[in-house]
Amino acid sequence: TPLSHIRNFSIVAHIDHGKSTLADRLIQMTGSLEERDMKDQILDAMDIERERGITIKANTVRLEYDASDGEHYVLNLIDTPGHVDFSYEVARSLSACEGSLLVVDASQGVEAQTLANLYAALDADHEIVPVLNKVDLPAAEPERIKEQIEEVIGLDASDALEISAKTGVGVPAVLEAIVKRLPPPAGGSREEPLKALLVDSWYDTYLGVVVLVRVIDGTLKKGQTIRMMGTEATYRVDKVGVITPRMVEVENLQPGEIGFLMAAIKEVADTRVGDTITDDKRPTATMLPGFKPAQPVVFCGLFPVDAGDFEALRDAVGRLRLNDASFSYETESSAALGFGFRCGFLGLLHLEIVQERLSREFDLDLIATAPSVVYGMTMRDGSEIELHNPADMPEVMKIEEIREPWIRATILTPDEHLGPILKLCQDRRGVQADMSYVGNRAMLVYDLPLNEVVFDFYDRLKSISRGYASFDYQITEYRASDLVKMSILVNGEPVDALSMLVHRAAAEKRGRDMCERLKDLIPKHMFKIPIQAAIGGTVIARETISALRKDVTSKCYGGDATRKRKLLEKQKAGKKRMRQFGKVDIPQEAFIAALKMG
Ligand code: GTP
């Protein structure tokens, strides 16, 4: 196919505005799939994604399209992950194409991720076609949303398309717009040495590692020895092909084209998204700009509830890593929780997805410690430390400075929830950077310490706004901060899994909250249990769980034997999910619950 007849594009949208539904329609209308193969949301491969309606792994599909000008076009749709945690992957995917369809739900309007994704597309120099989706809904207000797009985004929306991805109305015009309004790939040269962008990679049980590439210059073909310029690894190409969405082998991939390669690569971790692929014997002189390996910023410890499951957990995290190079892990041992793994994630959603996969796919009962962020430390002796685990905090006397990551958050919310949201941001040490109005919605821009956001900020935001606020963030910088390590002692023993770094000014309140919560969460024992929060040797909060007086079964009045037995069984089952700290049993739920801030 000549370059002039190729279009590489992606669809950017806020979650739930209809990206996957539109992609399915485009696939269906170009006949790339037989009707009977058509499942909902073909692009979302994994169960979890489907359930959550979130696209995690970038995917691509090549569409063959006969346009109204009588010409035949190849349209490559690159799917992008919809969540901020994967912003780096989004940027890489976008840099593989020349244009984007900006999908906005005509009944909802512009949301936080509409903006974030649009800016990412503009950063990639994309031509943008605004598409108003869901015009079949009675609540759709395309005219008002067009105004909103012009006002908030400054994008000309006069020729925005109005469609229903669900019914198919207006979708043929989308295909025409892709051909007419989006540019073809800029001219690469077949004669130049191979230069291709590594857009994505995934592990397939049958095929091994599959690498998605966008060829810039030269030709990629079977038998060629390629070199990954970032990792310097070399491989012999076994297969090249395109995804239609079936994987179809082709002779070669040329400038402007998007396709896959396979090359007996063992792990996804060997293929770095954003890397430049070149010919080993005749390499290109310069790498593509912007390559950087994924940096985990949120960490938590994962421990098996049953110590006997440690090997099973090791196996499971290993297998997850095969398919997710941005997930990292190392063994960790905790006095309280035994052996487990300290795991690193790109962000909160990433963490949640991994936890869920571990418990679901691998059927593991896990205790997760509170998520913490990466802290940078300068020591008095001049050395630098990166702290992933509050339990490893060095002696305070040796520390010169502690730095924590800050984010810039954008929040869009209906007016009436503004007050409580401002308070939430303020309570979390937020600094307002901007506030403006988009119709009757307020757009807030806040700088916040990530530390204050990792645990339950997003949940709180959703509940305060009854689900109507949208949120997006990016990490901006590390700032020095007065952070202290707060330890929690149960019956005089520190519970390492509950220690955390907090801002000094917030420590006392957080400590009190923790002690109060734990008091309710830890069952009574035969003796009194003091619960304390401490900074260094100083106790800053304290609660006491009183001793158990009566036998639990006594409330059954000695009468009903079945009830009595049930109660004992319940206790026994509860026991399994408990952890012993010294003489005290702490139920697993207590860990998570205790760490949710009030
Ligand atoms: P993520 O995968 O979470 O990013 O969401 P998405 O943007 O891909 O949205 P998706 O396609 O999953 O659609 C979200 C919901 O909107 C689904 O329940 C769709 O059935 C529905 N939907 C999509 N397009 C339309 C439409 O044109 N009209 C109506 N009424 N509903 C639609």
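# Notebook: a first walk through the model

I began with a search of the whole structure for disulfides, and it finds 0. The model is a predicted one, so I keep that in mind with every entry. A disulfide is a covalent bond between the sulfur atoms of two cysteines. I then looked up two cysteines. Cys 97 has a relative accessibility of 4% and counts as buried. Cys 425 is buried too, with a relative accessible area of 0%.

**Entry: the whole chain**

How many helices and strands are there in the chain? I noted 14 helices and 34 strands. The chain has 598 residues, and buried residues make up 54% of them. I also looked at contacts in the chain with a separation of 6 or more, and residues 24 or more positions apart account for 68% of these.

**Entry: helices H1 and H6**

Next I turned to pairs of helices. Two packed helices are described by the angle between their axes and the distance between the axes. I took H1, residues 19-29, and H6, residues 171-181. Their axes come within 10 Å and cross at roughly 80 degrees. That angle makes H1 roughly perpendicular to H6, because 65 to 115 degrees counts as such.

Which residues meet here? From H1 I wrote down Leu 22, Arg 25, Leu 26 and Met 29, and from H6 Val 171, Pro 172, Val 174 and Leu 175. The residues of this contact divide into 7 nonpolar, no polar and 1 charged.

**Entry: helices H7 and H8**

On the H7 side I found Leu 313, Ala 316, Val 317 and Leu 320, which meet Val 354, Arg 357 and Leu 358 in H8. I sorted the residues of the contact of H7 with H8 by kind, and they divide into 6 nonpolar, no polar and 1 charged.

I looked up two glutamines. Gln 148 lies in helix H5, which covers residues 142-153. Is Gln 148 buried or exposed? With a relative accessible area of 5%, Gln 148 is buried. Leaving aside neighbours within four places in sequence, I found Gln 148 in contact with Gly 109, Val 110, Ile 153, Val 438 and Arg 441.

Gln 295 sits in the loop between strand S16 (276-279) and strand S17 (298-304). Its relative accessible area is 54%, and Gln 295 is exposed. I also checked Gln 295 against Ser 328: they are 33 residues apart in sequence, and 9.4 Å apart in space from C-alpha to C-alpha.

**Entry: Glu 162**

Where is Glu 162? I found Glu 162 in strand S6, residues 161-162. Glu 162 is partly exposed, at a relative accessible area of 34%. Not counting residues up to four places away in sequence, Glu 162 touches Leu 132, Val 135, Pro 142, Glu 143, Lys 146, Val 169 and Gly 170. I compared its place with that of His 17: Glu 162 and His 17 are 145 residues apart in sequence and 13 Å apart in space, C-alpha to C-alpha.

**Entry: Ser 481**

Ser 481 is in the loop between strand S27 (470-480) and strand S28 (483-490). I noted a relative accessibility of 18%, and since buried means under 20%, Ser 481 counts as buried. Not counting residues up to four places away in sequence, Ser 481 touches Ile 402, Glu 404, Arg 429 and His 503.

**Entry: two positive phi values**

My last stop was the backbone. What is phi of Lys 134? I read a value near 65 degrees, which is positive in a residue other than glycine. Lys 134 lies in the loop between strand S5 (127-133) and H5. At 22% relative accessibility, Lys 134 counts as partly exposed.

Glu 232 also went into the notebook, with a positive phi of about 65 degrees although it is not a glycine. I found Glu 232 in the loop between strand S10 (225-228) and strand S11 (234-236). Glu 232 is exposed, with a relative accessible area of 62%.

How values were computed:
Residues numbered from 1 in each chain as written. Predicted model: local features only at pLDDT ≥ 70, side-chain atom pairs only at ≥ 80, totals over all residues. Heavy atoms only, no water. Contact = heavy atoms within 4.5 Å. Helix = DSSP H or I, 4+ residues; strand = E, 2+ residues; numbered from the N terminus. Nonpolar A, V, L, I, M, F, W, Y, C, P; charged D, E, K, R; others polar. Disulfide = S-S within 2.5 Å. Buried < 20%, exposed > 50% of the residue type's maximum accessible area, 1.4 Å probe, protein only. Axes fitted to C-alpha atoms, helices over the stretch in contact; angles between N-to-C directions. Parallel < 35°, antiparallel > 145°, perpendicular 65-115°, else oblique.
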